[in-house]
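Morning, everyone. I'll take you through one model today. Please have the viewer open.

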Amino acid sequence: MNNKLYDKLIFELSRQGRRGYSLPETAFPDAVGSIPENLLRKSEIGLPQVDELTVVRHYTNMSTNNFGVDTGFYPLGSCTMKYNPKINEEMAAAPVIAAMHPDQPARFSQGALAIYHSLASALAEIGGMAEFTLNPYAGAHGELTGLMLARAYHDSRGDKKRTKVIIPDSAHGTNPASAAVAGLKVVPVKSLPDGTVDVEALAPLLDDTVAAMMMTNPNTLGIFERQIPQIAKMVHDAGALLYYDGANLNPMLGIARPGDMGFDIMHINLHKTFSTPHGGGGPGSGPVGVRAGLEHLLPNPRVVKKDDGTYDIVSSPDSMGRVSSTLGNFAVQMRALSYILSLGSDGLMEAGGLATLNANYIKESLRDLYDLPVDTVCKHEFVFDGLKDKSTGVTTLNVAKRLLDYGFHAPTIYFPLLFHESLMIEPTETESLDTIDSFIAVMRDIAHEAAADPEMVKTAPHTTPVRRPDDTEAALHPRLTFDEL
Amino acid sequence: MKTYFTPTHEYLTVDSEGNGFVGITDYAQKALGNVVYVDMPEVGDEFSEGDDFGAIESVKAASDLIIPASGEVIEVNGALEDNPRLINEDAMANWIIKIRLTDPAELDSLMDLDAYMAYLASDPH
């Protein structure tokens, strides 16, 4: 394998005139003449000119540099990098699923509508909500849909003055971003030293200008928010809605339901809790659920089960409107339903407990060497504030880079912002004890290396194809196209 | 010249003419890491105490800049546009904006250096 040649950029492998295809003479020679002059390309298209074998070797070599959950342990906190069972892929790739057209009429797509309806019903049962829409195309899209639902709810009551969303300072960045895109103003609420919402600080923020409060439970420190019933009462007394960010739903599966806690609207990231793939930037899926009384506001179109047992696609004039051109990313929905049916309710109820056990096992096995700022039983994830011994100057970034040398993906670093050296670990339930023990052993080794040879840890990774990119320079002077190299 | 500090780690140095230089503290630059962008207001913009007057972005995080006291922007530090890393080199020397204070009485509510050092020692996040 000549990696040195083929690991260059595809543009560097380009040679003038080289190509891997041949096209027949056009059967419509006059067609070009009928295209208006202003629409014709004047310059070269700028694509690399390469033969087929070069393309194959380039991308095959590059693929061996990939790291995914199929390659190794991926304890990326907050991302729930659980295994994506292959049966999900088989189901989604079945021709009856994969070959469907999104505009196929309801009477020719009863099976697909049954899949949509089954998944939506399962999520409603898991979330304790009245009804789910599966239409949003990703988690952030679901968040936006949920906040637009909150606006639609207040608008439908003729209440136009609610322009604020309260968000804890430990929240994921998508929360304020979604609120801003929905046209709402973000009001942060402080956390207590244990990372949970400060209820006393919340009280004065609640008034008749608040549309909703967003919460993640367990929060981003992996701590279960115990004050939810009280917070729900305060939020509801102020006339606002309580929004559940489903990012951390995994440990609660089958154990506790946001709907029972008093949440009004929630979204779920299927790629986290329900084992659909994370990779490649998508496609995603961000189902949104609402409590009873808000169903009529859900986005159009909706899938309904009729009395005769058949399904239909309906639109309602009361709806907040459309958020998508179709019923969402159907193949992703198929994978999530496959996961739910494979595990069954018993299996789902075990998942959260095992994820919680794994996280606590790692936390307790490393706490003598890493700084544990919130010392309590965590749920599916927890946060260290860097190494306990700060005298070596070895930072969380260095520990993360050193892990790559040992073949582990790094945990999430420098999030949440509550601590300076956050190192956020989420093992999920799908890892064996052997994998987890070997991760613990490596984390312990790195802590000892940091004391014995800090320089070596500070210059890690030493064995990866790309070592330490200059991220400051990249952010300051990004070179985004081949022409700029 | 006297320097005042905020709990959100901005400083305000007031000169003899009553103008203020606003930047972030050395503690803040260390916590942020390498600064890659400073979003600054325009000369003539007016802010009230506690307003966001811009944002600072590092390789680790983005953070709002909070104005320690009310005032009108009379100068922005243009050198930071080309080289935001100046803040990492010397945060106290490389101020971000110069303001004309509109309510000097507000200074009484800010921390002086001793109070700020005590505040840092209390380990705020």
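I'll start with a helix in chain A, move to some backbone details, and finish with chain B. Keep in mind that this is a predicted model.

First, helix α14 of chain A. It runs over residues 433-452, which is 20 residues.

Now look at which residues of α14(A) are buried. They are F439(A), M443(A), I446(A), A447(A) and A450(A). These residues cover an arc of only 100 degrees around the axis, so they sit on the same side of α14(A). What do they pack against? The partners are α12 (330-366), α13 (396-405) and α15 (454-458), again in chain A. The face away from the buried side carries exposed residues: L433(A), D434(A), A441(A), D445(A), H448(A) and A452(A).

Next, the loops of chain A. Go to the loop between α2 (52-63) and α3 (86-93), where you will find S78(A). S78(A) is not a glycine, yet its phi is positive, about 80 degrees. Is S78(A) buried or exposed? The cut-off for buried is 20 or more other C-beta atoms within 10 Å. S78(A) has 22 such neighbours, so S78(A) counts as buried.

T80(A) also lies in the loop between α2 and α3 of chain A. T80(A) has a positive phi too, about 50 degrees, and is not a glycine. With 25 other C-beta atoms within 10 Å, T80(A) is buried.

On to the cis peptide bonds. One joins N217(A) and P218(A), with omega about -5 degrees. P218(A) is in the loop between β4 (210-216) and α9 (228-237) of chain A. Another cis peptide bond joins F415(A) and P416(A), and here omega is about -5 degrees. P416(A) belongs to the loop between β11 (412-413) and β12 (422-425) of chain A.

One more proline, P283(A). Find it in the loop between α11 (270-273) and β7 (288-290) of chain A. P283(A) has 15 other C-beta atoms within 10 Å, so it is partly exposed. Which residues does P283(A) touch, leaving aside those up to four places away in sequence? They are Y137(A), N329(A) and V332(A). As for R18(A), that residue is 265 residues away from P283(A) along the chain, and the two C-alpha atoms are separated by 33 Å.

Over to chain B. Six strands make an open sheet here, with antiparallel pairing. What is the strand order? Read it as β1-β2-β3-β9-β8-β5. The edges are β1 (2-5) and β5 (46-47) of chain B, and each pairs on one side only.

Zoom in on β2 and β3 of chain B. Strand β2 covers residues 10-14 and β3 covers residues 19-24. The two run antiparallel, joined by five bridges. Look for L12(B), which stands opposite V22(B) in β3(B).

Last stop, where the chains meet. How many residues of each chain are in contact? Seven residues of chain B meet nine residues of chain A. On the chain B side, four are nonpolar, two are polar and one is charged.

That's the tour. Questions, please.

Methods: Residues are numbered from 1 along each chain as its sequence is written. Chains are lettered from A and ligands numbered from 1 in the order in which they are written. This is a predicted model: local features need pLDDT of at least 70, side-chain atom pairs count only at pLDDT 80 or more; totals for chains, interfaces and linings use all residues. Two strands pair if DSSP finds at least two bridges between them. Helices (H or I, at least four residues) and strands (E, at least two) are DSSP runs, numbered from the N terminus. Two residues are in contact if their C-beta atoms, placed from the backbone, lie within 7 Å. Ala, Val, Leu, Ile, Met, Phe, Trp, Tyr, Cys and Pro count as nonpolar, Asp, Glu, Lys and Arg as charged, and the others, Gly among them, as polar. A residue is buried if 20 or more other C-beta atoms lie within 10 Å of its own, exposed if 12 or fewer, and partly exposed in between; C-beta atoms are placed from the backbone. The expected span of a helix is 1.5 Å times one less than its number of residues. The arc is that of the directions from the helix axis to the C-beta atoms.
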